[in-house]
Amino acid sequence: MVADAWYSSLNNLKAIESIGWTWVMGLKKNRKVNRGETLEKLDIPDEGLKVHLRGYGWITVFRFVAKNGRTDYIGTNRDNPSRDHIELVMKSRWKIEVYHRELKQTCGLERCQSRTDEPKEIIYFLPFRLGFKDLKDDLLEASLLSAAVGCY
């Protein structure tokens, strides 16, 4: 699961872990770790730092500084994560963010006049399905095609 700091609440992190998923998420600079320290006060090496996230448990945190000087703290519950892997995951997340923005603005998804959410879901998920043809999920494909035909 990949998300920005907006979604990294303690309840969300625990819910994700409870179903056995690995997460990589942004963390706010004032997040409490170890014994009351905040992330912004820690000296985090490039290879990441193992910290105890208050109310959760042990995670690895990385510090990334953008060209404009903004500092992002990225945490994960993954075992032995590398900085390169975390950076790749976060760059992929950004591409998804751009995709969602373009979908909303270009396709007018927010202004869709449908009475149900089904047409919106088709517009949203069909490009993903087309991108993952090798997964061979016949049930999903049949469901999408049936719903798409029903919309027109």
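N34 sits in the loop that joins β3 (32–33) to β4 (37–38), where helices (H or I, at least four residues) and strands (E, at least two) are DSSP runs, numbered from the N terminus. The model is predicted, so local features need pLDDT of at least 70 and side-chain atom pairs count only at pLDDT 80 or more, while totals for chains, interfaces and linings use all residues. Residues are numbered from 1 along each chain as its sequence is written, and side-chain values use heavy atoms, with hydrogens and water left out.

The phi angle of N34 is near 50°, a positive value in a residue other than glycine. With 30% relative accessibility, N34 counts as partly exposed; buried means under 20% relative accessible area, exposed over 50%, and partly exposed in between (1.4 Å probe, protein chains only). N80, in the loop between β7 and α2, likewise has a positive phi near 50°. At 77% relative accessibility, N80 counts as exposed.

The chain has 152 residues, of which 29% count as buried.

Helix α1 includes L10, which is partly exposed at a relative accessible area of 26%. Although L10 and Y56 are 46 residues apart in sequence, their C-alpha atoms are 6.9 Å apart in space.

The loop between α1 (10–18) and β2 (24–27) holds W21, a partly exposed residue with a relative accessible area of 46%. Together with M1 and I19, W21 forms a nonpolar surface patch with about 330 Å² of accessible area. Patches are made of residues with over 30% relative accessible area and no salt bridge, with nonpolar side chains (Val, Leu, Ile, Met, Phe, Trp, Tyr) joined within 5 Å and like charges within 9 Å. A salt bridge is a side-chain nitrogen of Lys or Arg within 4 Å of a carboxyl oxygen of Asp or Glu.

The largest pocket has a volume of about 560 Å³. Its lining has 19 residues, and R70, D72, I74, M90 and R93 are the closest to its centre. A pocket here is an open set of points on a 1 Å grid where a 1.4 Å probe fits, with protein on both sides within 12 Å along at least five of seven lines; lining residues have an atom within 4 Å of a point. Two or more lining residues come from each of β2, β6 (57–65), β7 (71–76) and α2 (83–107), and α2 gives the largest share, 5 residues. By class, the lining has 9 nonpolar, 2 polar and 8 charged residues.

Notes: Areas by Shrake-Rupley, 256 points an atom, 1.4 Å probe, with all protein chains shown as cover. Points joined across faces, edges and corners; volume = space filled by probe spheres on them. Nonpolar A, V, L, I, M, F, W, Y, C, P; charged D, E, K, R; others polar.
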